[in-house]
Every structure is written in C-alpha cells, then in structure tokens.
Amino acid sequence: MKIKLVFIATALASTLVLGSVPAQAAAIDMKIGTIHPLTGGNADYGIGLTSAAEWAAESVTKAMKSARVAGSCKITASEDDQATPALAVEAATKLVKSNKVNAIVGPLTSGSTLGAAQSVTVPNNIVMIATAASSPTITKFADKDLLFRTYPSDAFQGKVIVAAVQKAYGKGVTLSIGARNDAFGTALANVVTNEWVKGGGDIGRKVLWNPENATFDSEAKLLTEGSPDVWVIVDFPDTFAKVGPALVRTGKWDPKKTFFTEAMNNEAVIQTIGVSVMAGARGTAAKSIGISADKWKADRKAAKPNTKETFVDASAYDATVLLCLAAIHGKSTKSSALIKSLRAVSGSQGGTVIPWTKLTDAVKAAAAGKKITYQGAWTTAKFDAAGDSSGALFKVFSIDTAGKITSNDADDVRF
Amino acid sequence: MSDLIQYLFNGLVVGSIFAIAAVGISLLYSVLRLVNFAAGDFLTLGAFITYFLSVTLELNFFFSIVVSMLAGMGVSWFLELVLWRNLRRNKAGTLALFLVATGVALMLRPIIQFLFGTETRKFNVDIFKTYDFFGARIAHTQLLVLIFASASILTIALFISKARIGKDMRAYANNPGLASVSGINVDRVVLATWLISGALGSLAGVFQGLVQGQFNNAMGESLLLSFFAAVVLGTIGDAYGALVGGMLLGLFMELSQLSIFFGGVPSNYKPVVAFATLVLVLLFKPEGLFGYRARKV
C-alpha cells in the first residue's frame with residue numbers, strides 16, 4: 001500500500017513538473033506565407049517588410065530553442081503581389097492551396113488585403129495580418145475575425161492630415177484633394193473631406209484617378225482648377241511618378257502647398273519621382289509606437305545587412321512574432337486557436353508586458369499558456385474586436401530641396 | 001475654349017497611342033485569326049530597350065527608338081519561326097492559339113523583368129517643358145508623340161493600301177485560300193504582319209513611356225484592355241478601323257471630362273465612358289464602326 005502511494009505521488013509530481021516544462025509539449029511547426037510587392041513601384045516597401053518577417057521567424061525559432069519549446073516558426077513562401085489586388089488573390093491562393101501555410105503576413109496595401117481576404121483567406125479560414133493596409137474599410141470588413149492588422153487605420157491619419165493643414169493654413173481655406181481610385185485612396189480621401197468640412201473648410205476639387213490610366217494630364221488639370229489654397233494627395237509612388245509631372249506641367253500646382261500620405265515618407269521614392277516635383281511638400285505617416293525602435297533597426301541591419309530599410313518594416317516583424325507566439329500559446333496552428341491566442345499574446349487581455357528584445361521570455365510565457373502583452377518594435381497591438389491594433393502615432397514630415405525628409409517630434413500626434 | 005483645346009489635345013495623344021498599338025493587334029487578327037495577348041508586353045519591351053540604349057548606353061534617342069523597333073520585329077520574327085509557324089502547320093485551333101498567346105505574354109513579363117529590373121524608369125527628355133496654346137498647356141513630349149504618331153498612322157495607312165505586301169496582306173485576310181492559290185507567298189505575308197506588329201508595339205511603348213514621363217514593367221499590361229476595346233470599336237480585323245477606333249476611344253475618354261457633359265464626367269469613370277461608347281456602338285453596329293464596308297486587312 002505504502003509503495004503504491006509513493007508510486008502514485010511520484011507519478012502525480014512527475015506529471016505536474018513535466019506539464020509545466022514547455023520542452024515536453026508537442027512541437028509547434030508554424031508555417032507562414034508573406035504577400036508583399038517585391039517588384040514594381042512599391043517594391044522597396046515590400047522587400048523591407050518581407051525581410052523583416054523572415055528575420056522575425058528566425059528570431060522566434062531561435063527563442064524557441066533557447067526556451068526549449070519544440071518546433072519552429074518559418075516563412076515558407078514569400079509572394080509578390082506588385083501591390084495589385086488581382087495578383088494578391090493569386091498569391092494568397094498559392095500560399096493557401098499549394099504551400100499550405102497556417103497564416104499569412106501582409107499584404108502591404110488595402111486593395112490587396114481586401115482582395116486576398118475576400119477571395120481566399122476568409123473563405124479558406126486562414127488568419128492574415130496585414131502589415132501596412134490602412135483603409136478604414138478593413139475595420140468593417142466581414143472577416144469572421146480572420147483579418148488583423150498591425151498598421152493604424154486611416155481614420156486616424158485623415159484627422160492628422162487635416163490637423164496639419166489647419167495648423168499651416170488655418171481652417172477656412174479651400175482644399176483640393178487628389179487620390180488614387182482604390183480602397184486606400186477613396187477611403188482616406190473621404191475621411192479627409194469629412195474632417196475638413198467638419199472643421200469649417202471648403203473642398204475645391206476632389207479628383208480620383210485610375211492608376212492604370214494612359215496619361216494623367218486631364219486629372220492634373222482638374223485638380224488645379226479653382227486655384228485652391230492647399231492640396232492633399234493620396235497616392236502610391238508608382239502612380240504619383242506619372243501624376244506629379246502632369247501636375248507640374250499645369251503651371252498651377254505648387255508642391256510647397258501640398259500634403260502627401262505615408263507612401264512618400266521614403267527618400268528613395270522621392271528621388272525616383274523627382275526631387276524637383278516633391279521639394280517643399282509635406283506629409284503625414286504613421287510612426288512606431290513600439291519599444292526600442294532604434295535598437296530594432298540596428299539589430300535588423302546587423303542581421304540583414306543588404307536590405308533597404310523603410311519606415312514600416314517593423315510592422316511585419318511584429319505581425320510574424322505575434323502569429324508565432326499565438327501558435328505557441330494555443331499549442332496549435334489551427335486558425336480558431338490562432339484567433340483566440342492572438343488576443344491573448346497581443347495584450348488585448350492584459351498580461352505580463354514582454355518587449356521584443358526578450359523573445360525567449362515571451363516564448364516561455366506563451367508556451368506556459370500565460371496571457372502576455374507583447375511589446376513590438378512597431379506597436380503593442382492589443383487587437384480589438386475588429387482585429388485592428390490599438391493606438392497610433394503619426395508624424396508630420398517635410399521634404400527639403402535635396403529630397404531629404406525631416407520631422408519634428410513636437411509635431412507628432414498620438415491616439 | 002482653352003479647356004476644349006486641352007482635353008482635345010490630351011485625347012489625341014492618348015488616342016494616337018491606342019491607335020498604333022491597336023492596329024498591330026488588328027493586323028495579326030485579320031491575317032492569323034490570333035488575339036495577341038502579348039501585345040502589351042511588346043510595348044514594355046520597346047520602352048525598356050529604348051531606355052537601355054538611350055539612357056544606360058547614352059546613344060541617340062531617335063536611333064534608340066529605331067533599334068527598339070527592330071528588336072520588337074526580331075522578337076516577333078523569332079516567335080513566328082519557332083512557335084506560330086509550327087502551330088499553324090499543326091492546324092492549332094483558335095483556343096490553342098489564344099492559350100499560347102497568353103503563355104507568351106506570361107513568359108515575356110518575367111524575361112523583361114529579369115533583363116531590365118523592376119524599377120521605375122524615365123527617358124532623358126524634359127517632361128516638364130510646355131507650350132501655351134490659346135490658354136491650353138501643351139507638353140513638349142506629348143506634342144512630339146502626337147506628331148510622330150500621326151506620321152506613323154499615315155505611313156501605316158499608306159503601306160496597307162499602296163505597298164505590294166500591304167495589298168497581299170489584305171488579299172490574304174479577305175480570303176486565305178484564294179490568296180494562296182493565286183501566288184501570294186503566305187509565309188512572307190504572315191512574317192510581314194508579325195514584323196509590322198512587333199515594330200508598332202515597340203513604338204507605342206516608347207510613346208507611352210514619353211507621355212507618362214516614367215514607366216515600369218507593368219506599363220503595357222495595364223493598357224491591353226483599352227487596345228482591345230479600340231480594335232473591337234473599329235471592327236475586329238480592320239486595320240483602318242483600329243486606327244479610328246483608337247483615336248475615338250482616346251478622344252471620348254478625355255473629352256468626357258469637359259464641363260458641358262453633365263458638369264464633366266469624374267475622371268475615375270473614364271474607362272466607363274470608353275466601354276459605354278463601345279457597347280453603344282456595338283448595340284447599333286455589332287460588327288463595329290467599319291463593319292458595313294466588310295473591309296478586312
């Protein structure tokens with residue numbers, strides 16, 4: 001009897017001890033695919049984001065080894081969508097059907113995100129975390145809770161642009177807005193229009209252009225009609241590279257009276273479009289609200305020395321880390337478990353705050369099934385009910401005559 | 001008045017590019033019954049070769065254009081010899097030709113990407129220079145494009161109606177069997193059609209690169225639908241029709257923004273105007289604008 005009791009006690013103790021050691025859990029092999037523009041006018045952004053996602057997966061796998069958690073987190077395929085919805089649908093189909101990924105990081109743009117989600121990831125029950133898609137439409141999109149994003153909504157950026165214009169020119173002036181005719185452009189143009197009118201300003205012209213137009217001279221003519229006091233332009237680099245010269249040719253446009261959105265927050269992009277077109281312009285862009293962002297840039301440069309940097313790269317890093325931590329936390333790569341655990345590790349439900357610099361601790365805590373607040377290099381996501389990340393920080397930048405971007409932290413706007 | 005001139009000019013520039021690209025597509029269809037889905041990629045190829053010669057190698061711009069047209073002809077000639085001729089001899093059907101053409105387009109895109117990269121390019125020309133003309137701002141590059149495109153359109157029209165090979169092409173398009181037995185060298189006609197189509201594709205690409213100011217490897221692909229619309233508007237397989245169809249399409253799209261048309265059609269609806277025009281024309285003339293003449297080239 002005594003021997004039996006000792007045996008049972010030993011067995012119970014062993015179960016308890018072994019149960020709390022993550023190394024004994026079933027291996028988690030998380031397969032992630034990425035979709036970003038790797039060619040075309042937005043390639044700089046796409047290449048930077050893809051490389052950041054790869055580095056994140058490598059870092060988590062390393063942390064899993066250190067934490068003695070069996071398994072790995074891998075980017076198994078990186079697809080190029082050229083920031084085009086149709087190609088994003090193709091890319092997502094390949095990732096889901098052929099590569100059999102558990103989740104997707106990306107796309108970069110709102111149009112691609114909505115296209116891939118609507119046609120592929122939602123019908124196939126795959127979780128996707130968009131890295132720079134900002135359209136407010138995504139918040140309301142019926143995604144069965146499968147679509148998340150680490151980049152703030154343009155519902156914020158619209159307000160920041162309007163505030164920046166009001167600060168520079170006052171509230172009662174006339175603003176004309178030009179935007180690309182897609183999910184990103186039309187939604188942000190509407191937010192800016194509504195906010196501007198609400199603030200007592202007048203809208204001169206609102207011109208939407210199709211990115212695949214043969215020429216943009218007629219659009220440029222319309223946008224400069226009525227001599228507005230200020231312009232807001234919502235576009236991507238590849239299209240504005242054609243719209244910009246057309247605006248200059250009208251003889252009525254002044255870049256110094258123009259505000260752009262975040263896609264122009266890149267000196268390489270400004271050089272490509274032409275410094276003479278962009279000099280003197282201003283703009284707004286989301287900024288990291290993550291922790292140790294400068295250290296992240298330095299560490300990333302050391303890990304991936306040949307990758308061109310863009311301001312938003314860390315967004316893909318955080319998205320990838322969150323997916324890996326969610327898989328470890330939920331002990332499953334199934335979408336239903338990932339959805340639940342994404343909120344448990346992103347801080348939506350509280351929990352110990354663990355920065356990206358302590359990934360091993362984050363992995364250990366996730367493997368133990370604890371709730372954590374992962375503090376990323378880009379954001380502390382705290383995903384809300386719609387899958388949007390909470391909080392945002394925006395900067396107001398200026399482009400000087402040499403094409404350099406400058407900004408003042410005092411002008412930053414936090415939500 | 002200045003608005004009318006401005007939109008008219010913009011429309012003529014766009015229309016002339018549509019016309020040149022569309023006539024190549026139409027010629028191929030009339031002679032080979034082939035819908036050339038790779039036509040857009042010939043535009044991209046032409047623009048990139050001209051860029052490589054004139055910017056990277058710093059050769060004369062006009063010389064570079066001529067070489068890029070020759071390169072377009074060379075690629076067409078190569079494809080005819082290794083691909084299309086064999087498919088014809090093997091009696092490949094319309095669907096097979098259609099699929100192969102799509103395959104060629106899908107192959108050309110990555111080849112162009114591999115050879116020339118994915119970055120946005122621009123020619124070494126002043127894209128900001130403009131002239132005032134009765135209040136309208138006429139861009140220097142666009143004026144050049146309009147002049148050279150008009151000359152090209154005239155040359156094509158004369159070639160088809162006057163040159164021996166042009167007449168042979170018309171005869172073959174009208175009745176391939178009769179043309180063959182009456183001594184027309186079919187292989188020569190087909191090769192000439194490919195060469196003209198390749199050269200025109202490259203030329204349209206250079207023109208498009210000039211009017212846009214900058215271009216990337218997605219340039220031709222994004223315009224393909226408009227070229228096909230121009231071909232259908234002017235009657236499928238009618239080269240003159242394609243020329244007129246292209247010009248009309250460009251003009252309708254740009255002029256629709258004049259305020260006299262319901263306050264001006266919003267610019268994002270330009271494709272709607274183009275395709276509504278196409279549907280309206282086809283509703284009353286299902287064979288296209290030039291259908292009654294039954295002219296096939």
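Residues are numbered from 1 along each chain as its sequence is written, while chains are lettered from A and ligands numbered from 1 in the order in which they are written. Because the model is predicted, local features need pLDDT of at least 70 and side-chain atom pairs count only at pLDDT 80 or more, whereas totals for chains, interfaces and linings use all residues. Helices (H or I, at least four residues) and strands (E, at least two) are DSSP runs, numbered from the N terminus, and two strands are said to pair if DSSP finds at least two bridges between them.

In chain A, five strands in the order β2-β1-β3-β4-β5 make up an open sheet with parallel pairing. The edges of this sheet are β2 (71–80) and β5 (147–149) of chain A, each of which pairs on one side only, and the twist from one strand to the next averages 25 degrees. Angles such as this one run from 0 to 180 degrees between N-to-C directions, the axes being lines fitted to C-alpha atoms, for helices over the stretch in contact. Within the sheet, β1 (residues 28–36) and β3 (residues 103–105) of chain A run parallel and are joined by three bridges; in one of these strands, β3(A), I104(A) is the bridge partner of G33(A).

The loop between β3 and α4 of chain A holds P107(A), which is joined to G106(A) by a cis peptide bond with an omega of about -5 degrees. As a general rule, most residues other than glycine have a negative phi, and most peptide bonds are trans. Helix α4 (residues 110–121) of chain A lies across β1, β3, β4 (127–130) and β5 of chain A, and runs at about 180 degrees to β4(A). In α4(A), 10 of the 12 residues are buried, which leaves the helix mostly covered; a residue is buried if 20 or more other C-beta atoms lie within 10 Å of its own, exposed if 12 or fewer, and partly exposed in between, with C-beta atoms placed from the backbone. Among the buried residues of α4(A) are L114(A), A116(A), A117(A) and V120(A).

Q82(A), in the loop between β2 and α3 (85–98) of chain A, has a positive phi near 50 degrees without being a glycine, and it counts as buried because 24 C-beta neighbours lie inside 10 Å. S292(A), which is also not a glycine, has a positive phi of about 50 degrees and is found in the loop between β10 (282–287) and α12 (293–303) of chain A; with 16 other C-beta atoms within 10 Å, S292(A) is partly exposed.

Chain A is divided into domain 1 (25–153 + 290–375) and domain 2 (155–288 + 393–414), with bounds that come from an automatic or database domain assignment. The centres of the two domains, taken over C-alpha atoms, are separated by 30 Å, and their contact takes 22 residues from domain 1 and 19 residues from domain 2 of chain A. Here two residues are in contact if their C-beta atoms, placed from the backbone, lie within 7 Å. On the side of domain 1 that touches domain 2, α4(A) gives the most, with three residues.

Between the chains, the contact takes 28 residues from chain A and 31 residues from chain B. On the chain A side, seven residues, the largest share, come from α9(A).

In chain B, β1 (residues 130–133) and β2 (residues 136–139) run antiparallel and are joined by four bridges, with Y131(B) standing opposite I138(B). These strands form a hairpin with two residues between them, and F134(B) in the turn has a positive phi of about 50 degrees. Helix α2 (residues 39–56) of chain B has 18 residues, which at 1.5 Å a residue should span 26 Å, in agreement with the 25 Å between its end C-alpha atoms; the expected span is 1.5 Å times one less than the number of residues. Because 15 of its 18 residues are buried, α2(B) is largely enclosed by the rest of the structure.
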